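Reader: I am new to reading protein models. Could you take me through this one step by step?

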Amino acid sequence: DGDGRGDECECGDQNGDGQNSVSDVVAINLAIFDPSLVTPLCDANGDGLCNVADIVAVNTDLFSPTSDTTCARQPVPGP
């Protein structure tokens with residue numbers, strides 16, 4: 001998506017479409033209430049959990065265009 005990070009390894013890409021967007025915030029929110037929807041990329045802040053802090057991390061990424069954080073985890077298909 002042109003943000004300087006590998007699209008396929010963006011933390012917070014809960015829906016697996018290769019970019020962080022508002023739809024990931026929605027998908028993370030759904031996963032918080034239905035753990036069967038959680039993917040490894042839900043953990044946007046790297047603490048090993050899928051929770052509200054990950055929603056904050058994705059929002060921070062969305063509104064920080066110079067963010068250069070990189071996710072080391074490999075992608076998995078979204079729910």
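Author: The answers below go from the overall make-up to single residues.

Author: This is a predicted model, in which local features need pLDDT of at least 70 and side-chain atom pairs count only at pLDDT 80 or more, while totals for chains, interfaces and linings use all residues. Residues are numbered from 1 along each chain as its sequence is written, and side-chain values use heavy atoms, with hydrogens and water left out.

Reader: How many helices and strands are there in the protein?

Author: The protein has 2 helices and 0 strands. Helices (H or I, at least four residues) and strands (E, at least two) are DSSP runs, numbered from the N terminus.

Reader: And what share of the residues is buried?

Author: Of the 79 residues in the protein, 34% are buried. Buried means under 20% relative accessible area, exposed means over 50%, and partly exposed is in between, with a 1.4 Å probe and protein chains only.

Reader: Let us go inside. Which residues make up the largest nonpolar core?

Author: That core has 8 residues: V25, I28, A31, C42, A44, C50, I55 and V58. The elements giving two or more residues to this core are α1 and α2, and α1 gives the most, with 3 residues. A nonpolar core is a set of buried Ala, Val, Leu, Ile, Met, Phe, Trp, Tyr and Cys residues joined through side-chain atoms within 4.5 Å.

Reader: Why would such side chains gather?

Author: In soluble globular proteins, nonpolar side chains tend to be buried together.

Reader: Take V25, then. Where does V25 lie, and what is V25 in contact with?

Author: V25 lies in helix α1 and counts as buried, at 15% relative accessibility. Leaving aside neighbours within four places in sequence, V25 is in contact (heavy atoms within 4.5 Å) with I55, V58, N59 and L62. V25 and V52 are 27 residues apart in sequence, yet their C-alpha atoms are 9.5 Å apart in space.

Reader: Which residues of α2 are buried?

Author: In α2, which covers residues 52–62, the buried residues are D54, I55, V58 and D61. They are on the same side of α2, because they cover an arc of only 125° around the axis; the arc is that of the directions from the helix axis to the C-beta atoms. What covers these buried residues includes α1.

Reader: And what caps the N-terminal end of α2?

Author: N51 does, with a side-chain oxygen 3.1 Å from the backbone nitrogen of A53.

Reader: New topic: how many disulfides does a search of the whole structure find?

Author: The search finds 1 disulfide, where a disulfide is a pair of cysteine sulfur atoms within 2.5 Å. C42 and C50 form this link, with their sulfur atoms 1.8 Å apart. The link is right-handed, with 50° about the S-S bond. C42 is buried, with a relative accessible area of 0%. C50, leaving aside neighbours within four places in sequence, is in contact with I28, A31, I32, V38 and C42.

Reader: Now S23, please. Where is S23 found, and which side chain does S23 make a polar contact with?

Author: S23 is found in helix α1, residues 22–33, and is partly exposed, with a relative accessible area of 34%. The side chain of S23 makes a polar contact of 2.8 Å with the side chain of N15. A polar contact is a pair of N or O atoms within 3.5 Å; within protein, one must be able to donate a hydrogen and the other to accept it, and residues adjacent in sequence count only if both atoms are side-chain atoms. Another polar contact of 2.8 Å joins the side chains of S21 and S23.

Reader: Where is S21 found, and what does S21 touch?

Author: S21 is found in the segment before α1. Not counting residues up to four places away in sequence, S21 touches V58 and L62.

Reader: Lastly, is D24 buried or exposed?

Author: D24, in helix α1, is buried, with a relative accessible area of 0%. The side chain of D24 reaches the backbone nitrogen of S21 at 2.9 Å. Not counting residues up to four places away in sequence, D24 touches several residues, among them G12, D13 and N15.
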